[in-house]
Amino acid sequence: MPPATADLQTTWNFLEEGVDHIMTRLREGVSYSKYMALYTVAYNYCTSSRMHSSAESGLGGRTGANLMGSDLYNNLIRYFVAHLKTLKETSDPLLDEALLRYYAQEWDRYTTGANYINRLFTYLNRHWVKREKDEGRKNVYTVYTLALVQWKQNFFLHIQSKNQKLANAILRLIELQRNGETIDQGLVKKVVDSFVSLGLDEQDSNKASLEVYKEHFESPFIAATEKYYKTESEAFLAENSVSDYLKRAEERLREEEDRVERYLNTNTRKTLVGKCEQVLIKDHSEIMWEDFQNLLDYDKDEDLQRMYALLSRIPDGLEPLRKKFEEHVKKAGLAAVAKLVGEGADGSSSDTLDPKAYVDALLEVHKKNAETVNRSFRGEAGFVASLDKACREFVNRNAATGTSSTKSPELLAKHADALLRKNNKVSEAEGLEDALNQVMILFKYIEDKDVFQTFYTTKLSKRLIHGVSASDEAEASMISKLKEACGFEYTNKLQRMFTDMNLSKDLTDQFKERMEQTHESAELEINFSIMVLGTNFWPLNPPAHDFTIPREILPTYERFQRYYASKHSGRKLTWLWNYSKNELRTNYLNQKYILMTSSYQMAVLVQYNNNDTLSLDELQTATAISKEILSQVLALLVKAKVLINEEKDQYDLNPSFKSKKIRVNLNMPIKAQETKEQTEVLKTVDEDRKYVIQATIVRIMKARKTMKNQPLIQEVISQISQRFAPKIPDIKKAIDTLLEKEYIERVEGTRDTFSYVA
Amino acid sequence: LESDVDSILVDGTLRLCQDLSVDPEDVVLLAVAFELKCPAVAEFSREGWLTGWTNLRCDTVQAMQAILPQLRTKLASDAAYFQQVYSATFDFAKSAGQRSLPLETAESFWGLLLPHGIRGGALAPSTWTVTQLSSWYAFLHDTKVKGVSKDTWSMLLEFLKTVDPQFTAYDEEAAWPSIIDDYVAWAREHAGSV
């Protein structure tokens, strides 16, 4: 060991032997004492204060300073250069994997050694190097970094300068792996990692920079990847189906992601995946879009799922699918209804269409495609929107509706009515609830919700007054669903109808109780129940003709009139004979029957308490029912064989009437009433709409004061479309009306601007 | 009644026509009615009469007679003046308390005004001819229109001025009263047969 006062030459000779030992023969080991000796000599040299005037002027050259080190530093550089020269010479003839192995092995040895050397020269690093850097000198590094810089300049760049020999060797291995061969991934990882290590931030050597990695590896790697997959995907598609290609592309993408995990820098992920997505998906998106219909037609769920997953990775990849899906669903819906209509007995009439069959056909198409959306398209919002758009289209316009926008809501309301009636086929509580939820699925798509509302109200009123509702719970459940979908206003009337029903029950009981207190029981032999229904909430019309109240029920009628008048003075009762019904007990036959009748039938039949035969004219005089209705009432009684009509306009009581049942239901609907109901509902809807459009325009104009024609029409449509789809000519007619009524006027000098008249 | 004293009624109107040597169905009388602010057919108010003639600088029957040809020409050729008289005619023609003109009445006043304006150029740049107007009347009868609202009355003039008889300049998105939209649809449908 040279003394502390030894000159540079002596000192370096001693150090160089040690450095070389560590760098080249570390496996033989370095004794602790030798390491300490080396450390001490390096320390001693750096702390010696004598002047090395001549040598110090080489690098640094701040002669006045008392920090020693530049000589050692320069000698280290010379050592590294010489060391790397031998590596260069050995590596020159090597190629591919052999080159990589040699490179990796030497890299290990070199970096391990350099680590020790770095520690050996701790003092140099801490003082001389630090001061140089503090004073802004560039290209001065701590010893380890210096070793890397030298490796890069004298070895790495040398190999790369020969046609990027090193990077190409890695790329060749990766290609082999892509071709399905097994490669030494650890080797690739080691070499690739060295590229990252060589990226030194010139400003801050503690910071890693990916510059070397990117320039020498990543760019050529990405270019090679693009080339590889371009060739492969084109060749694959030329010989295989799109379905197979989807699988292949999916696998390839997964493989490349794995590759990053295994041996690449994570920074490469984004670029690599992006490039693969472009080459494997975007460049073939056309052919995928084209095959989409095929997959839909054959319900290839897995392929659809795969196509969705792939195309969702590129921008705008899904839009064509969404459009095609919408078209597909629409066609399926239209075809389902067309098939149903075609199956009808006469093939054309949608009047005979079974509401349940119609609703089921629509629901089936919805269900199937909703499942596709959820399963194959992960319920993605864009596909949900396509489904909704398509459903809205075929639910409102199809072979059954023709040009009528009211047919679908009518059929749906009729179906709901059938569900909510007693004796429906799905009366299991859970089945019913589910069926009602299904109705709501279609309801959501109905454009003319007001038509549904009107039909529903009419049907509900019938269920309630005839007492044929399946259950109060089911009714309440349906109303709460409608309320949730359309708000309080939509179901207000429906709820009021229930209130009236409940109040009526109480009223009937109270009346009965009161009568029992004030009358002899002999006077009260008629069972009487009443429904008092608010005119504004019930879609019921009083009879259009007179009715003579039979004297048999007149006392009861008068008692109730008085009772009600005393209870609610000022309220007017209108008796809806056309909706009321009766039960008559027979005592003119051997068997006692109970005849269940309408009030008109009752009025006719009680006439036979005093007569056995009556003419049409006599019956009309006695009942005051119009002839038109009366003859239909009589026809039903004759058909049921309660009356006999042997001579024209002459009706006899049948003394030998027989029936298998004790309770005989004679109360069948009269045909004329049925069709009238439908046209009346539609008339009501039309009137309501005119009013709604006008009210909406007034509300908008009141808020905006002036507005142009087009925006006004748009605003009206957007405000009303929740309830129904207003037609532009109807809106214009409403504008005409409001101009005439002077709610609005045209702004002077303009043709298409309106203003609100306060 | 006091008001009778201040008004010239039907007999008076006919006498006035005689004095001015003008046919009671001459279109110029609509311009006179406008100038004299007549509230209704054959009704003149004292104030309107006085200020009207004064503004026209007429204080003798001769002067009144003399000014008629001038008014007739102005009505035929001055678009703004025609518009004023046309607009005033609606209020003048309708019965008190009514919002629209019965079709017959509307048609006879259109029959006086529109041909006069078309021939004299007051409807420029309209390309409608007097004969082409018959299609409008045919439509009104065919679709059994009963009354003509103020808006329809005013917008028809605008329509004739800006939309050609072939409707190439017609925009169904514009704010025409729906009766005019209906007319265009009707006329297109009947294009071959009328």
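Author: Domain 1 and domain 2 of chain B bury about 1,500 Å² between them, 75% of it on carbon and sulfur atoms; buried area here is the accessible area (1.4 Å probe) that two parts lose on being put together, summed over both. The model is predicted, so local features need pLDDT of at least 70 and side-chain atom pairs count only at pLDDT 80 or more, while totals for chains, interfaces and linings use all residues. Residues are numbered from 1 along each chain as its sequence is written, chains are lettered from A and ligands numbered from 1 in the order in which they are written, and side-chain values use heavy atoms, with hydrogens and water left out.

Domain 1 covers 7–77 of chain B and domain 2 covers 80–191; these bounds come from an automatic or database domain assignment. The C-alpha centres of the two domains of chain B lie 25 Å apart. In contact (heavy atoms within 4.5 Å) are 17 residues of domain 1 of chain B and 17 residues of domain 2 of chain B. On the domain 1 side, B:L30, B:F34 and B:L75 lose the most area to domain 2 of chain B, together 41% of what that side buries.

Four residue pairs, both residues at pLDDT 80 or more, are in polar contact between the two domains of chain B. A polar contact is a pair of N or O atoms within 3.5 Å; within protein, one must be able to donate a hydrogen and the other to accept it, and residues adjacent in sequence count only if both atoms are side-chain atoms.

The elements giving two or more residues to the domain 1 side are α3 (28–35) and α5 (61–77) of chain B. Helices are DSSP runs (H or I, at least four residues), numbered from the N terminus. The largest share of that side, six residues, comes from α5(B). By type, the residues of the domain 1 side that touches domain 2 of chain B divide into 12 nonpolar, one polar and four charged. Ala, Val, Leu, Ile, Met, Phe, Trp, Tyr, Cys and Pro count as nonpolar, Asp, Glu, Lys and Arg as charged, and the others, Gly among them, as polar.
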